[in-house]
Amino acid sequence: MFNINYTFHWNQAFRALPDMLEGALITLQIAVLSMLIGIVVGVLLALAKEARFAPLRWFANTWIEIARNTPALFQVYMIYFGIPAVLQLAASLFGIDFRALGINIFYLDSYWAVLVGIAFNNAGYLAETFRGGLRAVPPTQTRAARSLGFNAVDSFRLIVLPQMFRAVFHPMTNQMVWAILMTSIGIFVGLNTDLTGITQELNARTFRTFEFFALAAAIYYVIAKIVTGGARLIAWRLFRY
Amino acid sequence: MRLPLILAAGALTLGLTATPVLADKLDDIIASGVLRCAVTLDFPPMGSRDDNNEPIGFDVDTCNDLAATLGVTPEIVETPFPDRIPALVSGRADVGVASTSDTLERAKTIGFSIPYFAFNNVVLTREDTGIESYEDLAGKNLGSVAGVFEAIALEEDFDTWEGGSFRTFQSQADVFLALNQGQIDATVVTGTVAASTVNSGNFDGFVIKGEAPFLVDYVSLIALRQEYGLLNYLNLFAHQQVRTGRYEELFEKWVGGGAEAPNLTVPGTYY
């Protein structure tokens, strides 16, 4: 059917390859940073969810419930468009007009909105993964560490955490791939420097939709494959018995 | 026994040589009785929705006129700007009536009619930004719709300026939302859309601050590049809209305000 309606011009797409690879670098950058933030926050959320102090539990539960049960697109869109609107509305109730005062602190640039949004999402998912991982480490490990003279923090940091990471490493790799693919949501909040943003702009400029999208899909695929392959290597070095 | 064989052979030869001429898109539209137009509906006054959620605007009326001349029923296929070509190639729509700028880059992919409308671009900003003209945009946070004529022109200038940022969004509505909230300080947008947005009263503090020094943005009807029959028809249609005064009439209806309908010809040249 496409043969009747459309002639593919692949050379035009391949000429844009350097630009697209530059975009892929931004994509990877956002994914890696969001993953690092997600891991740190995820561990904290997993601990908070098991905490004895109730408000901590509520906080962690709210975060995890929103992150896991609403679309990632919604989360990123809310961070970019929603929060400034709500804050402006709230401020105007007190008769304050931030914009007239020249204060723009609530406005995250597109790049940061995507990064924060995906980190938020990652942290929510990873928290549940980590909670499962923590359950997989027998409590006798902590008791053994404590009886050998480790304090509470050290026994968690040096004995429990490494074992937990071993248990959850593969689900974490999944989350990393998911984070890479999620960055494509950025085009809805004005991100035009990542792989999808650049692809969409090339598309609108030349109308060579199918070539550019196919090439972008191939690049996403290769990145995801490299990440899973790399993760397997790391796992082999770090976690073999 | 021989006769049927000869007859069969004759019929076969006839069948091979008398292959019917393939019906083209224009035939298909007339035969199907329906004209499906890809129209962008977040781009007032060219395309938008009324209080009953019905499509309205210059482009919608143009599609209705085109269908009337063809003697078929119009069907509006809502199509965001970036989806115009996929809509045509995948066969979801027959013709694009969606204010498509006729760039040479795009003409490599899609077929353009002669212009059926033309835009001038203006600077749209908020009162509090202190922007007074196009020159003031240097160093500011700017945004536009991904890949449209004015976005390409603005980004070229932006690249020669220092500081600031340039962001692209997937729809005109998101650009206005970002401008309203302050993620961006200004955008460059077609004069008709700017006027209609300021007059809508939906956005407090939006102001138009002078024209952008871009070339006139001529927009055309689009169809698949190889559909010459249809493209020829679209050319004649665009011509007749002006000749019969319908173009002026539609301009008065949707833009109005005492402005004159833009001239669709360039002096001193053929199309």
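Residues are numbered from 1 along each chain as its sequence is written, while chains are lettered from A and ligands numbered from 1 in the order in which they are written. Because the model is predicted, local features need pLDDT of at least 70 and side-chain atom pairs count only at pLDDT 80 or more, whereas totals for chains, interfaces and linings use all residues.

Start with chain A. Its secondary structure comes to 10 helices and 0 strands. Here helices (H or I, at least four residues) and strands (E, at least two) are DSSP runs, numbered from the N terminus. From the N terminus on, the order of elements is α-α-α-α-α-α-α-α-α-α. Along the principal axes, the C-alpha atoms of chain A fill a box of roughly 75 × 60 × 30 Å. Chain A has 241 residues, and 37% of them count as buried. A residue is buried if 20 or more other C-beta atoms lie within 10 Å of its own, exposed if 12 or fewer, and partly exposed in between; the C-beta atoms are placed from the backbone.

Next, look at contacts. Two residues are in contact if their C-beta atoms, placed from the backbone, lie within 7 Å. Take the contacts in chain A between residues at least 6 apart in sequence: 76% of these join residues at least 24 apart.

Now find two helices in chain A, H3 (residues 17–49) and H9 (195–206). Two packed helices are described by the angle between their axes and the distance between the axes. The axes of H3(A) and H9(A) come within 7 Å and cross at roughly 150°. Axes are lines fitted to C-alpha atoms, for helices over the stretch in contact, and angles run from 0 to 180 degrees between N-to-C directions. H3(A) and H9(A) are therefore roughly antiparallel to each other. The cut-offs are these: angles under 35 degrees count as roughly parallel, over 145 as roughly antiparallel, 65 to 115 as roughly perpendicular and the rest as oblique. On the H3(A) side, the contact uses A:Asp19, A:Met20, A:Gly23, A:Ala24 and A:Thr27. H9(A) brings A:Leu195, A:Gly197, A:Ile198 and A:Thr199. These residues divide into 4 nonpolar, 4 polar and 1 charged. Ala, Val, Leu, Ile, Met, Phe, Trp, Tyr, Cys and Pro count as nonpolar, Asp, Glu, Lys and Arg as charged, and the others, Gly among them, as polar.

Follow chain A into the loop between H9 and helix H10 (209–239), where A:Phe207 sits. A:Phe207 is not a glycine, yet its phi is positive, about 65°. Is A:Phe207 buried or exposed? It counts as buried, because it has 26 C-beta neighbours inside 10 Å.

Where do the chains meet? 24 residues of chain A are in contact with 26 residues of chain B. On the chain A side, helix H5 (72–93) and helix H9 (195–206) are the elements that give two or more residues. H9(A) supplies the largest share, 6 residues. By class, this side of chain A has 10 nonpolar, 9 polar and 5 charged residues.

Turn to chain B. Its secondary structure comes to 10 helices and 12 strands. The C-alpha trace of chain B spans about 95 × 45 × 35 Å along its principal axes. Of its 271 residues, 46% count as buried.

Chain B is assigned two stretches of structure: domain 1 (25–119 + 218–254) and domain 2 (121–211). Such bounds come from an automatic or database domain assignment. The domain centres, taken over C-alpha atoms, are separated by 26 Å. The contact takes 9 residues from domain 1 and 15 residues from domain 2. The domain 1 side has 7 nonpolar, 1 polar and 1 charged residues.

Some local details of chain B remain. A cis peptide bond joins B:Pro44 and B:Pro45, with omega about 0°. B:Pro45 lies in the loop between strand E1 (34–39) and strand E2 (48–49). Further on, B:Asn53 is found in the loop between E2 and strand E3 (55–56). Its phi is positive, near 70°. B:Asn53 counts as exposed, because it has 7 C-beta neighbours inside 10 Å.

Finish at helix H3 (residues 58–70) of chain B, which has 13 residues. Among its buried residues are B:Phe58, B:Val60 and B:Leu66. After H3(B) comes B:Gly71, whose phi is positive, near 75°.

Notes. The expected span of a helix is 1.5 Å times one less than its number of residues.
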